[in-house]
Amino acid sequence: MSATRQIDRGGPDRPVSTDVNGAGPVPADQVQRSRSSRPVWDEEPTPVGKGLKGLALVIICAAVVVPLYTIVLTSFSTQASITRAGGLVLVPGELTLDAYRQVLSGGVVTRAVLVSVGITTVGTAVSMVVSVLGAYGLSRTGSYGHRVILFALLITMFFGAGMIPTYLLVSSLGLIDSYWSLILPTAVSAFNILILRGFFMGIDGSLIDSARIDGAGDWRILAQIVLPMSKAVTAVIALFYAVGYWNAFFQATLYINDSTKQPLQVVLRSFVLQGVDVPGSVDVGSGQVASLAVQMAVVVIAIVPVLMVYPWVQRHFASGVMIGAVKG
Amino acid sequence: MGHLARLRRDRSLLLMCLPMLALLVVFAYIPIAGNVVAWQNYSPFVGIRNSPFVGWSNFERVFADPSFWDAVRNTLTITAFQLVFFFPVPIALALLLNSVLNTRVRVAVQSIVYLPHFFSWVLVVSIFQQILGGAGLLNRLLAAAGFDGVDVITDPDAFLFLITSQAIWKDAGWGIIVFLAALAAVNPSLYEAAAVDGANRWRRMWHITLPALKPVIILLLILRLGDSLTVGFEQLILQRDAVGAGVAEVLDTFVYYRGVRNGDWSYAAAAGLVKGLVSMLLVLAANKVAHVFGEQGVYSRR
């Protein structure tokens with residue numbers, strides 16, 4: 001993938017791509033490595049060594065998968081199965097959708113999901129527009145004001161203003177209890193912009209030059225040449241931003257006091273960690289659904305969007321994205 | 001070319017930078033200036049403009065405050081502990097994964113271990129509570145096997161272990177990305193030549209693989225040291241109540257509780273400013289050290 005090659009300038013001396021699904025073309029040196037057969041010079045490992053390695057891999061994967069499995073299973077279990085198990089369910093018993101029906105029937109959790117979806121969508125859109133424009137605007141060394149603007153961006157990576165002055169500013173802008181307080185202060189990530197910029201700078205200059213000779217301005221070059229060539233990196237950065245907005249928790253506890261505007265992570269915290277029965281979210285009277293099932297259903301709802309986007313973007317995680325970025 | 005001509009030539013580029021600059025000025029630079037409250041006796045009722053200046057007294061209070069130094073100590077303890085018990089994990093994982101020849105297995109394991117990086121801290125802490133908490137899965141299995149229960153979540157002595165295992169669960173998998181990249185860049189013929197010369201797999205790892213990882217390890221180590229004063233803020237604030245401020249109060253939570261919770265704005269701003277400045281110096285120093293080691297560091301002049 002030419003994309004990952006170019007972005008990798010800051011990293012190891014050879015271009016690397018962890019195009020893990022093997023979906024895209026892989027650099028030649030990796031093709032050899034990815035064959036499953038053992039090279040002739042390599043000795044066969046001992047059976048014990050092989051066994052230990054396999055065991056280690058199984059334990060590592062289980063450490064991630066088993067907690068997720070039992071949480072998902074519990075969220076679909078009836079009160080009877082949960083009582084029989086004494087808590088989280090490991091062996092499937094009777095299954096039901098009641099927990100989800102209850103949680104998504106229009107209470108606090110439903111509203112929180114909508115709030116989080118809204119913030120994530122709008123926030124990612126704002127961040128991407130600002131970042132792509134900024135990254136392209138900074139991608140030509142020697143352009144007017146280039147050094148000053150880049151420096152202004154870099155400083156924010158080394159010195160953060162701190163929580164108190166930022167809080168005082170947000171509050172004096174009247175953004176307390178406004179959804180914008182969850183978007184605007186974190187909309188620009190210097191790190192992400194530098195990744196994009198590094199990528200844009202790696203695009204073959206002759207393409208851009210010939211477009212310019214043909215009379216294309218920078219806006220057209222960005223829209224018709226640079227962006228179409230940067231789909232992978234743009235997708236990864238959009239994922240980074242989206243995950244950031246979806247997962248943001250502390251911002252909301254700082255800036256949102258109105259309980260009807262809380263995003264999902266805050267509700268998840270009070271519901272699962274603090275064990276608070278969020279008013280209106282659970283029909284206490286019926287007592288049909290295990291509160292543990294309901295709690296786990298909220299956990300699952302918080303995970304699902306990540307799981308949905310993950311496979312799409314995961315194959316683009318290029319090693320170079322991480323390393324190349326940190327270089328100014 | 002004159003300024004005006006260059007300005008005209010690059011006006012679309014500048015225009016593109018404008019939204020970014022506006023957000024930076026408002027949400028990064030104005031708050032930096034807002035740190036003047038650290039020299040004031042700030043009151044939200046009169047605002048920054050009318051709050052009286054009090055010189056360095058807030059800083060004097062910070063430095064004379066034992067609970068500030070407790071927070072510093074907790075922060076550094078966590079950093080040191082995680083340097084020993086978290087930092088090497090991704091390296092070991094990367095070596096393990098790199099030794100797996102079957103591509104399918106490798107890809108599958110990678111996809112699984114990267115995943116928790118994208119979960120929120122609320123989620124990770126919730127999951128740990130369900131598994132390790134007093135009424136959690138672990139205790140149930142222990143009780144079923146006839147052992148006494150342990151409550152890792154509320155035990156201050158186990159707190160370092162708890163937060164470090166959470167950090168490993170969430171981020172160790174993601175951390176292997178850079179190491180795998182460095183490993184993939186090793187020329188396979190080096191291994192072949194070493195094998196022909198009679199080096200077994202451990203000697204090959206020692207003489208080829210580890211030297212290939214050294215630059216990345218040094219870079220990440222230095223970055224982590226530069227970031228010593230920052231330990232998972234959301235992670236800690238979520239668990240501070242369960243385990244108590246005695247072990248869970250770090251600099252960032254200290255600033256939050258003093259400022260936002262207790263309304264001692266100027267004092268908290270002073271503490272936060274001290275932390276910010278020291279952090280910046282540490283990062284710059286770390287970068288210097290990286291250059292001395294001949295590495296690229298975080299930034300380099302073009």
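Two residues are in contact here if their C-beta atoms, placed from the backbone, lie within 7 Å. Keep in mind that this is a predicted model.

**Figure 1. A close-up of B:Phe68 and the residues it touches.** B:Phe68 sits in helix H5 of chain B, which covers residues 66-85. Skip the neighbours within four places in sequence, and B:Phe68 is in contact with B:Val62, B:Phe254 and B:Ala271. Is B:Phe68 buried or exposed? A residue needs 20 or more other C-beta atoms within 10 Å of its own to be called buried, and B:Phe68 has 22 such neighbours, so buried it is. For a sense of scale, look along the chain to B:Leu93: this residue is 25 residues away from B:Phe68 in sequence, and their C-alpha atoms are 37 Å apart.

**Figure 2. Helices H15 and H16 of chain B, packed side by side with a left-handed crossing.** H15(B) runs over residues 251-261 and H16(B) over residues 265-292. Their axes come within 8 Å and cross at roughly 165 degrees. Angles over 145 degrees count as roughly antiparallel, so that is the label for H15(B) and H16(B). On the H15(B) side you'll find B:Leu251, B:Phe254, B:Val255, B:Arg258 and B:Gly259. They meet a set of H16(B) residues that includes B:Trp265, B:Tyr267, B:Ala271 and B:Lys275. Sorted by class, this contact has eight nonpolar, two polar and two charged residues.

**Figure 3. Helices H10 and H12 of chain B, meeting in a right-handed crossing.** Here H10(B) (residues 159-184) and H12(B) (residues 201-226) have axes that come within 9 Å and cross at roughly 130 degrees. That angle makes the pair oblique to each other. The tally is seven nonpolar residues, one polar and no charged.

**Figure 4. Where chain A meets chain B.** How many residues of each chain take part? On the chain A side there are 91, in contact with 84 residues of chain B. Helix H3 of chain A (residues 47-75) gives the most to the chain A side, with 11 residues. By class, that side of chain A has 54 nonpolar, 26 polar and 11 charged residues.

Terms used
Residues numbered from 1 in each chain as written. Chains lettered and ligands numbered in written order. Predicted model: local features only at pLDDT ≥ 70, side-chain atom pairs only at ≥ 80, totals over all residues. Helix = DSSP H or I, 4+ residues; strand = E, 2+ residues; numbered from the N terminus. Nonpolar A, V, L, I, M, F, W, Y, C, P; charged D, E, K, R; others polar. Axes fitted to C-alpha atoms, helices over the stretch in contact; angles between N-to-C directions. Parallel < 35°, antiparallel > 145°, perpendicular 65-115°, else oblique. Left-handed = near helix turned anticlockwise from the far one by under 90°. Buried ≥ 20, exposed ≤ 12 C-beta atoms within 10 Å, placed from the backbone.
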